[in-house]
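My notes follow in the order I took them.

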Amino acid sequence: MQRYDEGLLRLVVWRLTALKNGERPTHLTLDIDGLPIEVHGHQGGSAFHGLYGARIYSPLVASLAETGDRVGGLLREGNAGPAENADTWIPHLVRRLNESTGAQVRVRIDAGFTDNDTLQALEERDIEYLGRLRSHSGLQKLAAPHLKRPRGRPPEQPREWCHDLEYQAGSWPTPRRVVLVVQERPDDLLLHAFFLVTNLGTFDWPPEKVLALYRKRGSAEAHMGEVKSALDVHLSSTDRGASTVQDVMARNEVNLLLNLYAYQVLHGLRRLLESRTHQGWSLSRMREQVLKVAATLSLHARRITVHLGDAADKWWPTLLKGLPRLTALI
């Protein structure tokens, strides 16, 4: 399917550099998530999904958790597997990010994307990654020797241990580095454990540092919640006339990316306001207090003039003073 997200990537690079006098980031962490979108009809490519109890599409969305920017989106059919197309789409995004920013890009994924095809595709291109592994008997057996409490009375604060190990799943051609995280939970008799898989070097990335980097993934999930709540994405293009499934999917992918464009514009403006007001701004607050104001347009020759209503007096003067810093790099 033709790619439409190059402009979205350009918006991200523009925002990342505009507020830092053109300085480009040196390291970026790319988060990949699924964004199930319910449809209310029989749009081509959609399918009923038992987990969500609805007819859906299963897009992939890429973001930079530390900055909140949306880098790309890929519409997939509703019955697509969690990692379907990830082994080609993720390396493409990493390459474009690297070419656009010059930054070293690493990938952070959840358990749905740590299949061998995706990991191998990243390794073949020397892309650093870390992700969570689904628990199964092989991993439980590997963790067993480390699930013993130290002798003595436990302290008041729950403890946590990280162990650097190697593991080779049945579908993996070679062993990979895994980090076992063992946690003590209040009122739990048994220790809790989970695994991370990574190709980050052990010298620069000890297990505790790998875990700290993975935990920043929570920021990506929070930003994903904003996309759902503030934009309320709908994909409604249907099989009109002689449209094929591919035609419908292409139109709905454009709709998906337009929503991501809207998020990115809102996100850029709210970051600008945050830098000038020293206040936190959610997308909803940005929409309700800044964008929902009365305005009229007047056209004269080649100039378009926007006349804002009195309700804009509170935040727009602050916003307009900061806009030249953005437009200087367009």
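Which residues does valine 94 touch, not counting residues up to four places away in sequence? I note before answering that this is a predicted model. I listed the contacts and found Leu30, Val105, Val107 and Ile127.

I placed valine 94 in helix α2. Its relative accessibility is 7%, so I count valine 94 as buried, the cut-off being under 20%. I also checked valine 94 against leucine 235: they are 141 residues apart in sequence, and their C-alpha atoms are 27 Å apart in space.

Next I looked at the packing of α2. Two packed helices are described by the angle between their axes and the distance between the axes. For helix α2 (residues 86–101) and helix α3 (residues 116–124), I read axes that come within 8 Å and cross at roughly 30°. I recorded the crossing of α2 past α3 as right-handed.

Which residues make the contact? From α2 I noted Ala86, Asp87, Ile90 and Pro91, and from α3 Asp117, Thr118, Ala121 and Leu122. Sorted by class, the contact of α2 with α3 has 5 nonpolar residues, 2 charged and 1 polar.

Last, I turned to helix α8, which spans residues 283–291. Which residues did I find buried there? Leu283, Met286 and Val290 are buried in α8. I put them on the same side of α8, because they cover an arc of only 65° around the axis.

Notes
Residues numbered from 1 in each chain as written. Predicted model: local features only at pLDDT ≥ 70, side-chain atom pairs only at ≥ 80, totals over all residues. Heavy atoms only, no water. Buried < 20%, exposed > 50% of the residue type's maximum accessible area, 1.4 Å probe, protein only. Helix = DSSP H or I, 4+ residues; strand = E, 2+ residues; numbered from the N terminus. Arc of directions from axis to C-beta. Axes fitted to C-alpha atoms, helices over the stretch in contact; angles between N-to-C directions. Left-handed = near helix turned anticlockwise from the far one by under 90°. Contact = heavy atoms within 4.5 Å. Nonpolar A, V, L, I, M, F, W, Y, C, P; charged D, E, K, R; others polar.
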